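These are my notebook entries on selected local features.

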Amino acid sequence: MQTRSASNGSFELNDRTALVPELDLNIEALKRVLGEADDVSFRPFLIGGTIRAELVNIPSMSNRQEIDNNVLKPLMQSGDESSNDLQSVKMRLLPVMSADEAGTIEECAGQLIKGYPVLLVDGCAGALLLGLVQWDKRSIEEPQTETSLRGPREGFTESITTNLSQIRRRIQSVKLQVQSHSIGGYTGTEVCIAYIDGLAKPSLLHEVQSRLERIDIDSVLETGYIEELTEDNPYSPFPQQQFTERVDVAAGSLLEGRIVLLVDGTPDVLIVPATLATLLQAADDYYNRTVYSSFLRFLRYWTLMLSMILPAVYVAILNFHHEMVPGKLLASIASAREEIPFPTFVEVMMMQLAFEVLREAGLRLPRQIGSAVTIVGALVVGEAAVSAGLVSAPIVIIIAFTGIAGFTAPHYSLEFAIRLLRLPLIILGGTLGLLGVSFGLIAIAIHLCMLRSYGVPFMSPFAPFVPNEMKDTMIRAPLWKMSRRPGFSSLQNRHRLAPGQKPGSSKGGGN
């Protein structure tokens, strides 16, 4: 609290000081809290030519034109309507849509660094926080990491207000609820929980709220901070939360009863809970016809499996199970490896690591040359390695197909988990043969069945097996058959489609 000294009438100031009627003391306290912040502007002026006032703002984060036209000009020319009462200033003198009152220096400083101009008036034991925030932001563009042949091209941006407006434009319902949290001792990052009341499970919503509330950290700069601090198993290679830059994916997840977490300053959002089935769904699966989508999704499942086990199986068969390879093929492989000085296991590990290095280099280089370096590097390294007799041509084919198959994963985090598991499987295949690969796959299956995302089984609806929810997993059933929402995320209002929606079921129609 702020106390007055009886001897000289001065005020003792601290960070939580209440505002007082003396303008000079309020300005002194605010400057003390802000420190040496040279980008903060203090603009003194007179209201109606008689009452002292001061406008404090950060010019780079405020709408200067609105401040000049709708704040300073009306107050300075107010004439007989001048008053040092905050309500009078707020209601009659300021044509500003948002002007909230503040009662402490700490509140003024906290909102000031977020971009809100602060108006202090002499004789008023309070201040006005003006909703004239404005800063540069990136325009809405198509997401680069989640391309789609069909569907909307709009993606999220770094502005949380823009992201929320995009979601509300797609879901125009009063049931769409948003809860805001401030996380980060220094950054004060705004984190919003978005859900549809009546669709999301109350227990799931409570779990999300409790996990966010227990976070105590200095800074939050990206959704990865929230993901790592709230996931169920931090040591699992598999992602337990889905992230996306696509507005339509976030809206579709909300309509399934899931919850979306938005973090200010990052262009992607988190969707919880996540399952293996949801991580293998692409946005345009729902925009194409069911036959096309089902074929591509089925192909996606099998190519990811091949991407994970193919190098390990190749090593295991050549080292321990020659009888499984047809004679002509075995002779061709043997002739290709005739001059190779390394065993098959070493060949595969060398090429796999070389592929990972080239891939990482392509990501870190500027976009204009990154893809060219990756392609040229792979061709040059592969051809040079074969020509020099360091690796055989079949190994180059295996590693190339493995890498290409991994690109079919719709979500980068899932594909990265597959890449991590590929190396231990190669080691098991090179030491124990197909038995070792089988042990590795069993261990992965057990881990997946034990994994949870906000309490929801990661393998749902495969394990536990739910027959009625298999319509949107390895295949995508027609929309008129998917009449119920997933049970893992929604218990209320499960029906999302009226009966009788099958095309051609109507008896009417012209001749």
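I located Y454 in the loop between β13 (452-453) and β14; strands are DSSP runs of E with at least two residues, and helices are runs of H or I with at least four, numbered from the N terminus. Phi of Y454 is near 55°, a positive value in a residue other than glycine. I noted Y454 as buried at 6% relative accessibility (buried is under 20% relative accessible area, exposed over 50%, partly exposed in between, with a 1.4 Å probe and protein chains only).

The model is predicted, with pLDDT of at least 70 required for local features and 80 or more for side-chain atom pairs, while totals for chains, interfaces and linings use all residues. Residues are numbered from 1 along each chain as its sequence is written, and side-chain values use heavy atoms, without hydrogens and water.

I next looked up cis peptide bonds. One joins S460 and P461, with omega about 5°; P461 lies in the segment after β14. Another joins V272 and P273, with omega about -5°, and P273 sits in the loop between β12 (269-272) and α9 (276-279).

I then turned to M470, which lies in the segment after β14 (456-457). M470 is partly exposed, at 22% relative accessible area. Leaving aside residues up to four places away in sequence, M470 touches P461, F462, F465 and I475 (contact means heavy atoms within 4.5 Å). M470 and S460 are 10 residues apart in sequence and 9.4 Å apart in space, C-alpha to C-alpha.

Lastly, I placed E107 in helix α4 (residues 105-112) and recorded E107 as partly exposed, at 34%.
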